[in-house]
Amino acid sequence: MAVIPPVSAKPAPDPVVFMAGGPGGEVFDDIPFLVSSGLNRDRELIVMAQRGNRYDKPNLACPELDHFHAQSVGLPSYAPQTEKLMLDAVKQCRDRLTADGTDLSAYNSTENAADFADLRTALGLKQWNVYGHSYGSNLALTYLRLHPQEIRAVALDSAAPHRTSPCRSPGPTPGRDSTTSSRPARPSSAARTGTRTSSAP
């Protein structure tokens with residue numbers, strides 16, 4: 001965990017907490033970009049590595065997947081043979097971690113959100129502002145759903161659709177469709193203005 005002080009001499013009392021993408025993205029490498037973007041201009045900026053990240057114990061690194069990526073250079077993406085190689089590598093990694101006693105069920109967005117809730121309590125903060133990027137936007141929404149009283153405001157950057165795998169992006173369509181399908185239909189311009197259109201003779 002790291003705390004970046006605000007630039008302003010009179011900062012707001014509620015800090016910004018950053019939720020990185022991935023899952024498993026290296027959050028500390030993002031600090032220079034976050035600072036250059038002005039996230040700590042008027043508020044303290046808090047960053048925390050999510051569980052299972054680079055510096056965590058147990059270490060969830062998968063050299064089996066590194067080997068797959070080296071093998072898959074030049075193979076067509078999402079082709080059956082490529083997916084089989086990837087799945088084999090994931091299974092090998094899972095089997096090794098579970099054999100070492102790692103409880104993989106403890107690594108999910110709900111537990112991630114609980115970690116941030118515990119961090120806020122440990123820091124003695126009543127509320128903070130949540131900034132989620134990519135998978136972090138998904139995590140921010142999970143946090144908002146489970147711990148709404150702890151949040152003053154939420155910003156979602158490059159939002160990841162909640163029901164899609166973060167490791168296999170289907171493009172913008174599902175996210176756009178889920179957004180538009182959840183809002184009421186907008187009346188036509190004629191209905192809004194009371195005008196009528198007619199065809200040319």
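Hi everyone. Let me begin with the surface: the accessible surface of this protein comes to about 12800 Å², and 55% of that belongs to carbon and sulfur atoms. Please keep in mind that we are looking at a predicted model.

Some orientation next. The protein has 201 residues, of which 31% count as buried. It contains seven helices and five strands, arranged along the sequence as β-β-α-β-α-α-α-β-α-β-α-α. If you take the contacts with a separation of 6 or more, 71% of them are between residues 24 or more positions apart.

Staying on the outside for a moment, there is a nonpolar patch made of L141, L144, V154 and L156, with about 280 Å² of accessible area together. Helix 5, residues 135–146, and strand 5, residues 151–157, each supply at least two of the patch residues. L144 sits in helix 5 and is partly exposed, at 34% relative accessible area.

Now let's go inside. In soluble globular proteins, nonpolar side chains tend to be buried together. Here the largest nonpolar core has 16 residues, and M19, F116, W128, V130 and Y143 have the most contacts inside it. Strand 2 (16–19), helix 4 (109–123), strand 4 (128–133) and helix 5 each give two or more residues to this core. There is also a second, separate core of 13 residues, including A2, I4, F18 and A49.

What does V130 touch, leaving aside its neighbours within four places in sequence? Its contacts are V17, M19, A140, Y143, I151, A153, V154 and A155.

On to the charges. The count comes to eight salt bridges. One of them pairs R152 with D14, with the closest N and O atoms 3.6 Å apart. This pair links distant parts of the chain: R152 is in strand 5, D14 is in the loop between strand 1 (2–4) and strand 2, and they are 138 residues apart. R152 is partly exposed at 48% relative accessible area, whereas D14 is buried at 13%.

Another salt bridge joins E150 and R120, with a closest N to O distance of 3.1 Å. E150 lies in the loop between helix 5 and strand 5 and R120 in helix 4, so this bridge ties together parts that are 30 residues apart in sequence. Buried or exposed, what is E150? E150 is buried, at 6%, and R120 is buried too, at 13%. Finally, salt bridges with shared partners join D14, R43 and R152 into one network.

Notes. Residues are numbered from 1 along each chain as its sequence is written. This is a predicted model: local features need pLDDT of at least 70, side-chain atom pairs count only at pLDDT 80 or more; totals for chains, interfaces and linings use all residues. Side-chain values use heavy atoms; hydrogens and water are left out. Helices (H or I, at least four residues) and strands (E, at least two) are DSSP runs, numbered from the N terminus. Buried means under 20% relative accessible area, exposed over 50%, partly exposed in between (1.4 Å probe, protein chains only). Contact means heavy atoms within 4.5 Å. Accessible areas come from the Shrake-Rupley method with a 1.4 Å probe; for residues, only the protein chains shown count as cover. Patches are made of residues with over 30% relative accessible area and no salt bridge: like charges are joined within 9 Å, nonpolar side chains (Val, Leu, Ile, Met, Phe, Trp, Tyr) within 5 Å. A salt bridge is a side-chain nitrogen of Lys or Arg within 4 Å of a carboxyl oxygen of Asp or Glu. A nonpolar core is a set of buried Ala, Val, Leu, Ile, Met, Phe, Trp, Tyr and Cys residues joined through side-chain atoms within 4.5 Å.
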